[in-house]
Structures are given as C-alpha cells and as structure tokens.
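The sequence and coordinates are shown first.

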Amino acid sequence: MRWLYDPSQTQQTLSVKLLNMNWPLVALVTTIACVGFAMLYSAGNGSWHPWAERQVVRYLVAALIMLAVAMVDIRVWLRAAYGFYAVTMILLIAVEVRGAIGMGAQRWIDLGIIQIQPSEFMKIALVMVLARYFNGMPAEEIRNPVKLIVPALLILVPAAMVLKQPDLGTAIMLVLGGAAMFFLAGVRLWKFAVMLAVAGAVVPFAWHHLREYQKNRILTFLNPENDPLGAGYHSLQAKIAVGSGGVFGKGYLSGTQAHLSFLPERQTDFIFTILGEEFGLVGGLVLLALYAVVFVYGYAIAFRSRSHFGRLLAFGITTNLFLYVFINVAMVIGLLPVVGVPLPLVSYGGTSMLTVMFGFGLLMSVYVHRDVRIGRYGEAET
Amino acid sequence: MKKSNGRGKTLTRRAMVLAGGKVALLAALAGRLYYLQVVQAPKFSMLADENRINIRLLVPPRGLIVDRFGVPLAVNRPTYQAVVIPEQAGNINQTLDAVADLVPLTEADRRRVLRDIRNHHSFVPIALREDMDWNEMARIDVNAVDLPGVSIEQGLIRHYVFGDETSHVVGYVAPVSEQELNSDDPLVELPDFRVGKSGVEKQYDLELRGTAGTSEVEVNAFGRVVRELAREDGIAGDQIVLGLDMDLQDIAMRRCAAQGSASAIVIDSWTGEVLALASAPGFNPGAFASGLSPAQWKALVDNPYNPLENKAIAGTYSPGSTFKPLVATAALEAGVITPDTEFFCPGEYHLGNTVFHCWKKGGHGTLSVRRAIKESCDVFFYHTADLVGIDRIAQMANRLGLGVKTDIDVPGEKTGLIPTRAWKLATTGVAWQRGETLSCGIGQSFVSVTPLQLAIYVARIATGHTIKPVLVRDDGVMTAASSVATDVSHGFAPMGVQQKTLDVIRDAMYGVVNEPHGTAYGARIQDPTMIMGGKTGTAQVHHIAREIRDRGVVTGTKVPWKDRDHALFIAFAPVAAPRYVCSVVVEHGGATGGEGGAVAAPIAHDLLLEAQKRDPARRVPAVPFDAAKLAQG
C-alpha cells in the first residue's frame, strides 16, 4: 500500500484520501448512532415513527457531509475558519433579531427541510477559529495577555448571546470548549486563575440575570426531592428511570418510565435514561466505553497530526465531544443541573447530529491530512 | 520551528493533562451510575413502580336489607350511565346531537359535558347522562355503531323497594360527607361510594358496606390506565334481616299517612322484635342516594308534617291518659292504694286555690282504679298521684321504660322526660310544686315520652318483663324450619312488679276496650281469641286548647291543626296471653281532630288484629323469597 500513500505528498487524490480515511472511527461513530436509533425506536414505544426513521435519514445525510468535510484539505479549513465563524455569528445575530421581533425566544432558523440552531454550529466554529488563531501565534506571544483579548472575545461574545437566548447548556459548552483551547494553546495557568476569580465575581451578577426556570433548575439540582412535581420533576424521574434499571436493565422496550411517559424529553436530552432503564448499568457503561474509544481515536489523530493547527483542531473537537457526553450524562444522572445539552449521535435532533458529524468530518480531515505541515497562515511547509 | 516545537510540547503535555481530567470525569460518571443502578437500585425500582402502579378500589355491593320473611327492603339496582371518551368521539357536537336524538339531553347537560371535556384529558370518560333506565340504555346501546366514543357504564345504586314506607326504619344512603372522610376505610374516598345516613343503613353501615376490592392498574404519566395488572374483587356487605313484617309495616304506614302526621309501632314483646315502625309521612329515600336537588330538600324541610323526623323514636309527646296505668302501677306497688281504694269524682279537684278538672264535666262519681283507668277519670289520678308522689311515679316510669332510652338499634332516639323533684330543682332552681304532681299524674305537664317508649311500656305491663326493642333479627330470615318463640323467654328479666298489680292494670285496660263506657270501646277486636286491651290518651299541645274546649267554644277541626291535641293509644293482645303490643300517636288528632279512642285506637285495632292473624307460628311463606335474584336485577 505504500505506493499509494506518500506521507510527504501534500496533494492526495480523492481515492487516496478515501483510502486514508479512519474507517474504524467511522464504524465506531456508526455504532454509536445505531445505539441512538435503537433508543429512539424504544422512545417511540417500539416504533420507527416518529423519531427513529428520521434520525436514520439524518445520520445518513450527516455521514455524507462528514465524508465530504474529511476530503477537504485541512488548509482550506484553516483558511475558512474566520469566515465560518463570521457566518455562524451572523446567523446567531439573525436568530437573536428575529427572536426579538418575533414570538420571544427562538434558537433556530427554519430552512424548510431542516431547522438549524446556529448556537450548535458555533461550538465547532469556535474550535476552528481558536485553532487558527493560536496556530498563528508563537509561544512567546501567547504569554502576552493583550494577545488573549481577541480570542477571549471570540468566546465570550457568542457565549453571551447564547446565554441570552436563553440556552445555558450551550453557553457553558462554548465557554468550557474555548477555555480548553486556551489551555491547550499554552496559556499560563495563573491567567486561568484570574479568569476564574473574575468569573467568581461575576456569578452573583449573572445569577441575577438568569431566567427563573434556570435558577430553579440549579436550585433543584441541589435537592430535587424537594419539589418532585415541580422543577425537580425532570431530574427525579430521570434518576428513577436510570436507578430502577439496575445492573442489567428491564430489557429492551420494557422500560416503564420511558413507555409510560414519565420521562420528559426522552427522545432528546434525556435519551440516556432509556438506555439506563432498559439496559442497566451494563448498557450505560458500554455506551460510555464506546465514547471513550472515540476520544482515544481523537487523541490518537491529534498526536499523529504533524501540524499544530491539526492537533489543536483534533484536541478541540475531541474535547468538545467529551463535554457533550459528560454534561449530558452528568445532568441526566443528577451530577449536574439540567442545562439542555444533547447526547452526541444518540439524541434526536438535526442540528446536533449535523454539528457532531461536521466535527467528526474535521477530525477525519486532520487524519487524512495528518502529514500535511501547515505554516502559521495555512501555507504548506516542508 | 523551535518555537513551534516548544508550543507543540506544551500542547502535548496539556492534552495529556486534559485527558487525565476526562478519564477522571468519565470515572465519576461510571461511579455515579454504579451508585444509582446498584446501590440505590431498590429504592428507585420502588419509586418506578409507585409511578406506574395505581391501586384502585372497587366498591363492593352493599348488603341487602330484608324483612323477617326475606322480602327485600333495600337492594342494589343496576344503573346505567352513558359516557363519552372525547378522543374517540371525533366531532363532539355531532355526537351530542346524535345522543340527544335518543335520550333527553338538556342544554345545561351539553354545556356541562363540553366543560368537562375541556377540563380533562381526552381519554377520560365524561358522563353524558347518569342514572338512565333500561330503555334509554338499550336505545344508546343499539345505536352504538353511530356513536363513536360513546359507551355504557354500569353501576349499582341503592334502591328502596318500598320507598317512603320504610324510609325511617331502613333509612337511606348518601354521598360521604366532609366529617365522614376521616375514616380508616379507604372506601369513603371514592366518589360513587355511599354511606348510611339514617335508620338501619346508618346503624349497620359497617356490616352493610363490605370490604373493598382492589384493581391494580398500570398508568402512564397522565394517569391513563394502560392495563390491569391484578384484580381482587371485594366482599359484598352482609345482609341485614329485620324483624319487620313488611305487610304489617305497609298497613301501619297507610293508616298513619291517612292521618297526616302520625306514628305507630308494633312489637312482638316475646322477642322484642319490632314488627312495624311507622312514621308518617315518609320521604323518598332513594332521592338521597343520587343527591337531592335544593327544591326537593326545601320541600322536605318546609313540610309542616316534618317527613324527615322519625316520630316513632324521635317524636316526644305528653303521654296524656296513657300515663294513667303507670301511675296506678306505681301507686299499687307503693301500697298507697289497693285495687279497692275508691275516690269520688265530682268533675273537678281542688288543691289550694287551684282547680283541676276532670275531662268529664259532670264527674265520674265514686270509682276504684279499674273504672278510673277504663273511663280515664282524671280526678281519681289527681288523688292517686298526690298520694304516691312524683319521685315514685318517676321511678316506676323509668322501670317501665319511659324517660329512658330503649336502646333500639337505630340512631336518633330521643329520651323524653320524666320529671323528679331533684330534676326540677336542678333545672329551674324552683322547688317541685304539689300541683305539678297532679298534672304529671294524668300525663301532662313536664312528662314527655316517645311512641317507642310507650310501646315498650305497654309491653312491660303486658308481660311483666323488661322488654327491649330490636330491629334486626339475629336468627335470620324466617323459614318453615325456624324456631318460634312460645313465651317471653328472650332473655328479658322480670321487672319485679307484683303479678297481682299487673293483673289489675291489664284487666282495667281490657275494660277500656271491651266494655261499654270504656274510652276505646268502639275499637275492640271482636274475635274472642284476639281480644286486645289498651289505653287511650289525649296529649295537650296548648293549655289554651284545653280551656277553650272545656268552655265548649270550639272543638275538633275548628281549632287550628297546629293547636289541636295529639291522639294516643297503647294496646296489647291477645289479653289472655299478651304478646303483641302497639302504640299509636296521631299528631293533632289527625284528619278529624279526634281523640285517642276515636282516631288512634282503630289503627291499633287493625295492626294488632293483623299481627295476630299473621302470627309467625301460623304464617310462613310457602316459597322463600329469593333476595339474591332480585339484587341481580
């Protein structure tokens, strides 16, 4: 196979790129997506309708997009980063404006066949734009706090807008994802300490600006049994579902919590409860293990990449995926407040599927173009 | 390149740090899952079951109430209710139109249905029309195909076969009240559960209720029943057999109702069983089970005949002359008179400056106790009462069952009042007056008793035993094989009144009915084997009424109904071996404004004659009544 693949070659043919795809990762992603289909089939009370069938179609479309993204040269993505970010930002503002004019809070734009949530795309756009920013920055500049103002704004402006929508979960994801990029880029730890201190000072102010339901969610997170029929209902019912699953679960399609509608949002953010209830501890751990393998792949791809941009991008996307998984599962099983973060590849939802698969596409692109060396401005280095 | 290498190393190092953090967080998730799904699994399993499993109570069929021969008095009638399940009905207005073509459906009904539909989940059945008869049910059932979502629900509703004729004895059931909710029985929480509110229904409510069944159903988060997991049918309530003889009760009720406001009681004094307990007018007890309309309630409350009161046990009346045999008994037992003691009756009696009249203006002349009772001479009893004194009268009255509760097994009994010196001093602070003894001696003044006490009093005179009344027959329905009482052997202790005293009183009461000049001579029973003895009474309602009558100004129906005297009669039969006793009180003299002998005694005549003809030793139905069959409808 060596004749097909020349690591020093910066231009590969499409067929070579396809061969160079990380197919085991594709298989892994598909496996997790299939777990999602099975869960949505169960959520629909043993029916492909209304969720599972549409999710399959979405996955297939998203998989094609992933492949396409993977085929595009990594340097194109580097150069497109600012533009991608800018477009996403405009969409975010558009949503905001329309929401202000229209009927209150709206998070999505209706494109007819699909409704997209710009805030979801922002998660990827932020990783891309920060990877590019830090790629173009030598180590000594990173030490200069002034140079961090621009990337900090790149994070905080969209985060603030998303928070205002209000979408606490996505805002947290953006801030944490961005902070991870800062960390990976080598920003000194004391600066994080300063940021943390500032954030701490802002908390009372921010608390004041949270919507009532968001405050309730955080308060009842601390003691959900206090208000079992009110704000604590979601998290308590979710815990009952998962906890009653026991070690091996109640069996596929036999979850009483899910099928008797005690679980709210069971097809979207709380899909993990069905898995926990029907397949128990074993099912939950298997899914977490599958995700863990995906993260390992992500790390391997990052380490294998010869470009700083590629590594930053791969680490950033993997970290983002991790945040999705962790925040979602943690909120479902009562470790975190209910903030509204989907479980990647499994939760029902078009935008999140698209975003996650776009992320995988970028990850694959890093893999396919792992030996491409990239200069600070996206030019090929030798 | 060097710089890049530097930041590359930083990146690698920090990525590893992040990876470590991620591993730790994933481990936290795994640990949390372990905690929830292994450590706390039992707790959450229980909570999940509590979520999904609802225990629903099934109302058991209420026990039947039957008379001594098994004739059903209170049964459970199937009731049909048309319900609609909105989500299956499609266009609800069309459905309502279609239903309205088949059964009456008012505009108010439609508004209620539409409001109920708005206020409930669409899978909750909404009542279209309740308590339909069989014809209406059949009309809807036959057209079910054209009525999507409409179905018939069957339930049981309490039905009183004889309606108002047993309304006071049997009582009625009604929805559970606020106070009754504080009960250990979970049944009381059910909306279609009914509890006994009066009569036997109330007294034996717990026995009649039965035990709730349970249906374990799986429900979803909206409360919709998904399926039934387990079902345990309840235990039907016990059947209660009354000592009542419904045929006798029927006669008693008709005769009383004809007099407007009246009550009558027949007791088998050998067993204490109440054969008839009539209080007229009655009311429709079934109306309470489904809920009384305000208009119905107002009509009942405003009725001057007071149909809701069970006059037989809760009406208190001056006993009038029916009290005289008691005073005589007390005097004979005290030894202040003998059967031969004579007093002269000039028509009035002077005590100090006060004049006490005899009802007979010219007086009775010289007479002893027998004729005094027979002709109901007031003056004789003024003398006698004065001699024996109020306290000894009261003592004997209590001994014979007056002024004390009879402890009959039906709620609402009144005590009445037999005054004593101590009572008056304690109540009014004024000492007892001698003149009051005289008034009490002819059953007026403070003395008040219930018709049931009068019946018990005559039963004790007639038998010499401390008879107690009882509504429920412990021996169950009478059959040809049932043992029949042959004498006063029902565990009733002798009263300790001398036989010769009782003989004198009974003989006098024989005279009242069976000899010319007796006050109830017109009501005597001709059949020599069934002869009754008795005593008439007229109870003053207003003192003025008596004075007016004495002056001969107005009598009978010319006095306003409310001001007329009550007519009373107590009786026993057969005189040779007294067994059946009867007391009759016709309020305000009934339709004709007559006295005890004219109005009340004929009722007692009919009842005691009938009771003897129907003596259970002779009468047992050829075919026992199949109560169970009737309950099934």
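## A lysine in chain A

A:Lys191 counts as partly exposed because 16 other C-beta atoms lie within 10 Å, a number between the limit of 12 or fewer for exposed and that of 20 or more for buried. The model is a predicted one. A:Lys191 belongs to helix H9 of chain A, which covers residues 189-209. Between A:Lys191 and A:Arg143 there are 48 residues in sequence, and their C-alpha atoms are 9.6 Å apart in space.

## The two chains

Chain A has 382 residues, of which 52% are buried. Its secondary structure consists of 15 helices and four strands. Of the contacts in chain A between residues at least 6 apart in sequence, 70% join residues at least 24 apart.

Chain B has 633 residues, with 45% of them buried. Its secondary structure consists of 23 helices and 19 strands. Of the contacts in chain B with a separation of 6 or more, 77% are between residues 24 or more positions apart.

## Three-stranded sheet of chain B

One open sheet in chain B has three strands in the order S1-S8-S9, paired antiparallel. The edge positions are taken by S1(B), residues 53-58, and S9(B), residues 225-232; each has a single partner strand, so one side of each has no neighbour in the sheet. On average, neighbouring strands of this sheet are turned by 30° against each other, direction ignored.

Strand S8(B), residues 213-219, is joined to S9(B) by six bridges, and the two run antiparallel. Within this part of the sheet, B:Thr214 is placed opposite B:Glu232 of S9(B).

## Five-stranded sheet of chain B

Another open sheet in chain B has five strands with antiparallel pairing, in the order S12-S11-S19-S18-S17. Its edges are S12(B), residues 273-280, and S17(B), residues 533-539; each has a single partner strand and therefore one side without a neighbour in the sheet. Here neighbouring strands are turned by 5° against each other on average, direction ignored. Strand S11(B), residues 262-268, pairs with S12(B) over seven antiparallel bridges. B:Val266 has B:Ala276 in S12(B) as its bridge partner.

Helices lie across this sheet. Helix H9 of chain B, residues 246-258, lies across S11(B) and S12(B) and runs at about 25° to S12(B). Helix H22 of chain B, residues 596-613, lies across S11, S12, S17, S18 and S19 of chain B, at about 30° to S18(B). Of these strands, S18(B) covers 566-573 and S19(B) covers 580-586.

## Nonpolar cores

Which residues have the most contacts inside the largest nonpolar core? They are B:Cys582 and B:Leu607, in a core of 129 residues. Leaving out residues up to four places away in sequence, B:Cys582 touches B:Ala264, B:Ile265, B:Val266, B:Ala455, B:Ala571, B:Ala604, B:Leu607 and B:Leu608. Another core, of 127 residues, lies apart from it and includes A:Tyr41, A:Leu363, B:Leu11 and B:Ala15.

Helix H15 of chain A, residues 350-368, has 19 residues, which at 1.5 Å a residue should span 27 Å; its end C-alpha atoms are 26 Å apart, which agrees. In H15(A), 19 of 19 residues are buried.

## Contact between the chains

The contact involves 40 residues from chain A and 36 residues from chain B. On the side of chain A that touches chain B, at least two residues each come from helices H8 (168-185), H11 (233-245), H12 (256-259), H13 (271-304) and H14 (308-332) of chain A. H13(A) gives the largest share of that side, ten residues. By residue class, the side of chain A that touches chain B has 25 nonpolar, 13 polar and two charged residues.

Technical notes
Residues numbered from 1 in each chain as written. Chains lettered and ligands numbered in written order. Predicted model: local features only at pLDDT ≥ 70, side-chain atom pairs only at ≥ 80, totals over all residues. Pairing = 2+ DSSP bridges. Axes fitted to C-alpha atoms, helices over the stretch in contact; angles between N-to-C directions. Contact = placed C-beta atoms within 7 Å. Nonpolar A, V, L, I, M, F, W, Y, C, P; charged D, E, K, R; others polar. Expected span 1.5 Å × (residues − 1). Core = buried A, V, L, I, M, F, W, Y, C linked by C-beta atoms within 7 Å.
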